[in-house]
Amino acid sequence: MHYLDYYKAWFNALHNANKLTDMNDVHIKGSTFMAILTELWDADLLDIKIVERYAEEIVNATRKKENTYYN
């Protein structure tokens, strides 16, 4: 699998989450994607700026979705 396939898995889980309990899947897929990005960065295959941008997007979008369930 290409690392962007893991991004797509997180993105789809995020947009398909219809209730708070669905967020567990979102967190798992986001964590998996971030672990892969970290490994690629450690192997000097990705620039840190790319990793940081994806990390920021995952954190912000996940929090925004979670906030819809708490408000």
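Asp5 and Lys8 join their side chains in a salt bridge, with N and O 3.8 Å apart. The model is a predicted one. The pair qualifies because the cut-off for a salt bridge is 4 Å between a side-chain nitrogen of Lys or Arg and a carboxyl oxygen of Asp or Glu.

Both residues belong to helix 1. They sit three residues apart, so about one helical turn separates them. Asp5 is partly exposed, at 28% relative accessible area. Lys8 is also partly exposed, with a value of 49%.

The structure has three salt bridges in total. Another of them links Lys29 and Asp25. Here the N to O distance is 3.1 Å. Both residues lie in helix 2. Their spacing is four residues, about one turn of the helix.

Lys29 is partly exposed, with 29% relative accessible area. Asp25 is partly exposed too, at 34%.

## Lys19 and Asp22

Lys19 pairs with Asp22 in a salt bridge. Their closest N and O atoms are 3.8 Å apart. Lys19 has a relative accessible area of 48% and is partly exposed.

Asp22 reaches 22% relative accessibility. Buried means under 20%, so Asp22 falls in the partly exposed class.

## Helix 3: span and cap

Helix 3 covers residues 48–70, which makes 23 residues. From first C-alpha to last, helix 3 reaches 33 Å. That is close to the 33 Å expected at 1.5 Å a residue.

Asp47 caps the N-terminal end of helix 3. One of its side-chain oxygens lies 2.8 Å from the backbone nitrogen of Lys49.

## Helix 3: buried residues

Which residues of helix 3 are buried? They are Val51, Tyr54, Ile58, Thr62 and Glu66. Each counts as buried because its relative accessible area is under 20%.

What do these buried residues pack against? Their partners are helix 1, residues 3–16, and helix 2, residues 23–42. Helix 1 also holds Asp5 and Lys8, while helix 2 holds Lys29 and Asp25.

Terms used. Residues are numbered from 1 along each chain as its sequence is written. This is a predicted model: local features need pLDDT of at least 70, side-chain atom pairs count only at pLDDT 80 or more; totals for chains, interfaces and linings use all residues. Side-chain values use heavy atoms; hydrogens and water are left out. Helices (H or I, at least four residues) and strands (E, at least two) are DSSP runs, numbered from the N terminus. The expected span of a helix is 1.5 Å times one less than its number of residues. Buried means under 20% relative accessible area, exposed over 50%, partly exposed in between (1.4 Å probe, protein chains only). Contact means heavy atoms within 4.5 Å. A polar contact is a pair of N or O atoms within 3.5 Å; within protein, one must be able to donate a hydrogen and the other to accept it, and residues adjacent in sequence count only if both atoms are side-chain atoms.
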